[in-house]
Amino acid sequence: MTELRNVDADIALFRTRVLVIGLTVFLAFGLLVSRMVYLQVMRHEDLQAQAESNRTAVLPVVPNRGQILDRHGRVLATNFSAYTLEITPSKVEDLDATIEELGLLLDITPRDKRRFRKLMSESRRFDSLPIRSRLTDEEVARFTVQRYRFPGVDVRARLIRHYPNGEVASHVIGYIGRINQREKEQIEDWPDEDQANYRGTDHIGKLGAEQHYERELHGQTGFERVETSAGGQAVRLLANTPATPGNTVRLSIDIKLQKLIEDMFGERRGALVAIDPRNGEVLAFVSKPTFDPNLFVEGIDEENWKLLNESLEKPLLNRALRGTYPPGSTYKPFMALAALETGARSASTVINDPGYWMFGNHRFRSHGDGGLGGVDMRRSIIKSSNVYYYSLANEMGVDAIHDFMKPLGFGQITGIDLRGEVRGVLPSQEWKREAYKRPEQQRWYAGETISLGIGQGYNNFTMLQLAHAMATLAGGGVKHQPHLAIDTENVVTHEGTTLTDGAPVNLGFKPDNIATVLRAMEGVTIEGTSARVFAGAGYTSGGKTGTAQAVTIGQKDRYDARKLEEHQRDHSLYLAFAPVDKPRIALAVVVENAGFGAAHAAPIARRVFDYLLLDQYPSAQDLKAVQRGEASAPIGTPLKASEVPWPIDPDAPTSPSTAP
């Protein structure tokens, strides 16, 4: 039986299906065309930028950090280029295994591993951290061949900071180190322009001039636009904006003098600050012991950090800036000036010194077993009478002493261009009320004033403050802000910029009063406690020795250094200026726990003056005597300082050299 089909119905159905399919195809093509129009016309610029971004990368170009020089142009901090092997922990699956494999390929020491672990603890996992630095060309080639085996590991060319003089002047120069997490958070609060300038930068100034002049030394970051491969490797440079190197910063210190002073301290602890009273330039800024700043540049390892941080000698403490000491008898010239300026005493007033001074039932002793008899102001400074200044402090009172000493900078921030300066303590009744909590502790007792007159009691100042005050006194009462940097130089344009630290301030002291005190200090070097040290000097100078207690000794007890632990012995201090008529240098020096000021501190000051005023460098024999605390006037034939070569070779012969 034959089935009959409805041809018309089939044709209608077919046409319907064709129409539906046609509409579907048309709509699909319409969607494709509209999408193409949207992507290629409407979003053309955006997508082109994305494509270009996928094809290219913008890389920051870290600028060459500026150099630091001394006043004569000797290099204190510079850079050299080297290859470093770096690991990004977040890109490495098994970090320990990778390090072990790298150790088979390159020489990676246990110290390198310890330093890397310390850096990891201070950084984020996606930071690139060095595990080996200063790779040789052979090592670079050896790793490059095997690079495919070490995802997350790469070799990079870096500029490495270098301090060619090692430990010399380390507290002044400072050092740079990797930017830690706290510093990264601080950078995020900077203006966008400043943040952009630190993209790609791993290091920042941490201490000293490196820290204070970070903006001058860092330079301006540049940028490179490079074409990259599918693996992210740069294959072609498309455009670049070169980095601008940091400025050169020239400091006022003489590094040869700085080393001489550090050598004179030997193994002893202490500090010395020398200032030009005419302009506030710091000529020497010594803190002993020192440390090697090169240890910190690539990240210090735990072993060296422990040695420095836990040492009883505290080499990381900047004693000139942050160490505070009782000034001892070096305070007496300023007390004498206070007496003259306030009218508390005249220079001719005579005070009987029987060897002690009574306040109520309390006996304040002077030095030695006997008294000095009648002493006027000049003799009180030359012979260092305690009784004279006990009675003067009692007459003036603590607040009058405070008000006079404050403008001289005692117990104040000097504003030197180093961070971390401490204030010390210049006591007053208000200070004690704020310093203590219990009412009985807040009360000022009259007996507490007595010791202030001889630089003891609550008095605690830095060597920077003492040198600053001495420079102000030697400068006729004109106070200059102490500063370490003289100027900067743009290494591109060679334009220099002088750094100023404010206008000088005249404290208004009467010239006759200043002259009285300075002439008395001159007498100290002629007939007083430092006369033997300055015998035969080819210039005139003034000074004041000081012996400051590190621990309190009872009034009935006799001081005997042999019965005390080394850290309990008295500090040796000396304040000085030279020449007397037109002072060019003022200084303060302390040798910790060394004893009498004339035996240890004053000989160092003498040789500093000889260097600056006579162009003399101590003989090897004399230098060793100073280090042992057995020197007075120089011995042996001094060298001509300007002919002693730099860097100084400690094993060189003691005859003068003609090297430049």
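What follows is a short chat about the cavities and one surface patch of a predicted model.

Mentor: Ground rules: residues are numbered from 1 along each chain as its sequence is written, and side-chain values use heavy atoms, without hydrogens and water. As the model is predicted, local features need pLDDT of at least 70 and side-chain atom pairs 80 or more, while totals for chains, interfaces and linings use all residues.

Trainee: Why is Y38 called partly exposed?

Mentor: Its relative accessible area is 33%. Buried means under 20% and exposed over 50%, with a 1.4 Å probe and protein chains only, so a value in between is partly exposed. Y38 sits in helix α1 (residues 7-42).

Trainee: What makes the nonpolar surface patch with Y38?

Mentor: V33, V37, Y38, V41 and M42 make the patch, about 480 Å². With 33%, Y38 passes the area cut-off.

Trainee: How do you know which residues line the second largest cavity?

Mentor: A cavity is a set of points on a 1 Å grid over the protein atoms alone where a 1.4 Å probe fits but cannot get out, and lining residues have an atom within 4 Å of a point. For this cavity, they are I275, D276, P277, G280, H468, A471, T472, V478 and H480. The space is about 40 Å³, and helix α22 (residues 463-474) gives the most to the lining, with 3 residues.

Conventions
1 Å grid on protein atoms, 1.4 Å probe; cavity = no way out; pocket = protein on both sides within 12 Å on 5 of 7 lines; lining within 4 Å. Points joined across faces, edges and corners; volume = space filled by probe spheres on them. Helix = DSSP H or I, 4+ residues; strand = E, 2+ residues; numbered from the N terminus. Patch = residues over 30% accessible without salt bridge, like charges linked within 9 Å, V, L, I, M, F, W, Y side chains within 5 Å. Areas by Shrake-Rupley, 256 points an atom, 1.4 Å probe, with all protein chains shown as cover. Salt bridge = Lys/Arg side-chain N within 4 Å of Asp/Glu carboxyl O.
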